[in-house]
Amino acid sequence: MTAADHPPPPLLQACGLSFSRNDEPVFGPLDFSVDAGEALLVQGGNGAGKTTLLRVLAGLLRADRGSVDIDGEPAQPARRARAIAYLGHLPGLKADLGAMENLEFLCGLHGRRRAQLSDQALAIVGLAGYEDALARQLSAGQKKRLTLARLWLSPAPLWLLDEPYANLDLDGIELVNRMVQAHLRAGGAALVTTHGAYAAPPVRTRLLVMERPGTAAATGAAA
Ligand SMILES: Nc1ncnc2c1ncn2[C@@H]1O[C@H](COP(=O)(O)OP(=O)(O)OP(=O)(O)O)[C@@H](O)[C@H]1O
């Protein structure tokens, strides 16, 4: 008996997952999985349900049907909290705290990757010199970079990134892709929503194409 006979379960697996609002279907049923070392690119037009799907996976909304497993086990709240780092549309920063204080506060709430320092994380995202800048004084792109520093410090293996490229310049887009690449190389996985493939990270990637309700979604390997 070899390890190949028992491959590890996917880091994330969704089966028959669907979500409705006021009896109106938003998405699903969806079946997909993401292995460690892999990205799932969630594509779809405005209103296709990408954000809703990530919020369901993060446990912020309840699916009306289907299951979500993490590492082969049901995604209970404690397991989700340990395994998932969610980067949504809102930066979730404390406006009157400095950049470094925000990082320390968030690491206090969600934990921190061992041997990663906040000042290094700020430097990696291009915010060296902004340690004491108040979050409310940062530009939209700088706020996004600060949330990326937080992501970098997170110990969670599964990143749920909702339009991580929004508000970023070209250098920032490359930064996101480098971070995703490094995270996958270290054994993590990522779900990334985009409107198109223009900024896909150059990593082992599957595609989940979401369409407006009533149309089946497709999964496949990205080119
Ligand atoms: N809080 C809400 N209350 C009611 N309807 C909502 C809410 N949030 C989203 N919706 C609806 O759910 C559907 C899916 O929205 P969602 O934000 O998941 O789409 P999306 O694919 O992320 O879109 P976009 O690319 O524009 O960000 C849309 O029809 C939207 O109008």
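A: Helix α5 (residues 140–153) packs with helix α6 (residues 170–185) at an angle of about 10 degrees, and their axes are 11 Å apart. Axes here are lines fitted to C-alpha atoms, for helices over the stretch in contact, with angles running from 0 to 180 degrees between N-to-C directions. Helices (H or I, at least four residues) and strands (E, at least two) are DSSP runs, numbered from the N terminus. The angle makes α5 roughly parallel to α6; angles under 35 degrees count as roughly parallel, over 145 as roughly antiparallel, 65 to 115 as roughly perpendicular and the rest as oblique.

On the α5 side, Gly-141, Arg-145, Leu-148 and Trp-152 make the contact, and on the α6 side Gly-172, Leu-175, Val-176 and Met-179 do. Two residues are in contact if their C-beta atoms, placed from the backbone, lie within 7 Å. An α-helix has 3.6 residues a turn, so residues three or four places apart point the same way. By class, the contact of α5 with α6 holds five nonpolar, two polar and one charged residues. Ala, Val, Leu, Ile, Met, Phe, Trp, Tyr, Cys and Pro count as nonpolar, Asp, Glu, Lys and Arg as charged, and the others, Gly among them, as polar.

This is a predicted model, in which local features need pLDDT of at least 70, side-chain atom pairs count only at pLDDT 80 or more, and totals for chains, interfaces and linings use all residues. Residues are numbered from 1 along each chain as its sequence is written.

The length of α5 can be checked. At 1.5 Å a residue, its 14 residues should span 20 Å, and the end C-alpha atoms are 20 Å apart, which agrees. The expected span is 1.5 Å times one less than the number of residues.

α5 is mostly covered, with 12 of its 14 residues buried. A residue is buried if 20 or more other C-beta atoms lie within 10 Å of its own, exposed if 12 or fewer, and partly exposed in between, with C-beta atoms placed from the backbone. The buried residues of α5 include Lys-143, Lys-144, Arg-145 and Arg-150, as well as Leu-146, Leu-148, Leu-151 and Trp-152. Besides α6, the buried residues of α5 pack against β6 (84–87), α3 (99–110), α4 (118–124) and β7 (158–162).

Between β7 and α6 runs a loop that contains Asn-167. Asn-167 has a positive phi of about 70 degrees although it is not a glycine. With 16 other C-beta atoms within 10 Å, Asn-167 is partly exposed.
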